[in-house]
Amino acid sequence: MQHLLSYVRRCVQDYDMLAEGDYVAVGVSGGKDSLTTLLVLKALSGFYPQHFDVRAISIDMGFPGADFSPIAALCERIEVPFTVVPTQIYELVFNVRQEKNPCSLCANMRRGALNRAAIAHGCNKVALGHHRDDAVETFLLSEFYEGRIACFQPVTFLDRSGVTLIRPMLYVPEKEMRAFARRQELPVFPRLCPQEGNSRHAEVKTLIASLREKNPDLSELLFGAIQRSSLPGWREPSPRKFIKPKEHRDETSD
């Protein structure tokens, strides 16, 4: 926890993500990333100079077999309010529209439902669990499939809703999120999405993994390139932002 907090506190401070009195909704999908984000932000709220509160919100996509009771139990244990928002996103995307490439539509609908729920509960910020590897993969996806240099922003203010999206885990390597979730025995959802492993993100993840066999620092270098690229919302890194990842002997691939 202390190691992850060092990443997150630096990220939060570098991008001014949190202010006094913020009420942050953490979007909890049930994956390792969102659950880790929830626990780390809850821990950060206990000592961060600017006081803020945390709420967990899960969007029930309607996937068969989804069970949110373990997440509810976790939230009760760490004393975080928890809300499940039922939707028909799975039915609409996969059965009604039968989308061939459903990921973009699915993500947009899920994000919209999350933002509306956050507003309904009085939250002014929404925290997403994107980590360093997510940023790198998104950066490459934009180049490979859209022919442009782009990436999501660390902080995004949504004019229509007045909600601010923050990504406090951006400095954290994915393998450290995975190791933390395993050690804490977090109630990670089984993979329920029919597209799991077949998306463009999965293709790019596989490519990066193969290239990293010859260049272990590839992800760190690419993330540094994003920070130095003058993309909207990103800032030039200073030496203190680069934290050498710990090696985890119990690390295995998903």
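This is a predicted model: local features need pLDDT of at least 70, side-chain atom pairs count only at pLDDT 80 or more; totals for chains, interfaces and linings use all residues.

Me: Why are helix 2 and helix 3 called roughly parallel to each other?

Reply: Their axes cross at roughly 10 degrees and come within 11 Å. Angles under 35 degrees count as roughly parallel, and helix 2 and helix 3 are therefore given that description.

Me: What makes helix 1 and helix 2 roughly perpendicular to each other?

Reply: Helix 1 and helix 2 pack at an angle of about 75 degrees, and their axes are 10 Å apart. The range for roughly perpendicular is 65 to 115 degrees, so helix 1 and helix 2 are placed in that class. Helix 1 contributes L4, L5, V8, R9 and V12 to the contact, and helix 2 contributes T36, V40, A43 and L44.

Me: Why is the pair of Y15 and W234 called edge-to-face?

Reply: The count of aromatic pairs comes to five. For Y15 and W234, the ring centres are 6.2 Å apart and the planes stand at 80 degrees. Rings pair if their centres lie within 6.5 Å, and planes over 60 degrees apart count as edge-to-face; the pair is therefore edge-to-face.

Me: What does the pair of Y15 and W234 tie together?

Reply: Y15 lies in the loop between helix 1 and strand 1, and W234 in the segment after helix 9, so the pair ties together parts 219 residues apart in sequence. Both Y15 and W234 are buried.

Key:
Residues are numbered from 1 along each chain as its sequence is written. Side-chain values use heavy atoms; hydrogens and water are left out. Rings of Phe, Tyr and Trp (its six-membered ring) pair if their centres lie within 6.5 Å; planes under 30 degrees apart count as stacked, over 60 as edge-to-face and the rest as tilted. Helices (H or I, at least four residues) and strands (E, at least two) are DSSP runs, numbered from the N terminus. Buried means under 20% relative accessible area, exposed over 50%, partly exposed in between (1.4 Å probe, protein chains only). Axes are lines fitted to C-alpha atoms, for helices over the stretch in contact, and angles run from 0 to 180 degrees between N-to-C directions. Angles under 35 degrees count as roughly parallel, over 145 as roughly antiparallel, 65 to 115 as roughly perpendicular and the rest as oblique. Contact means heavy atoms within 4.5 Å.
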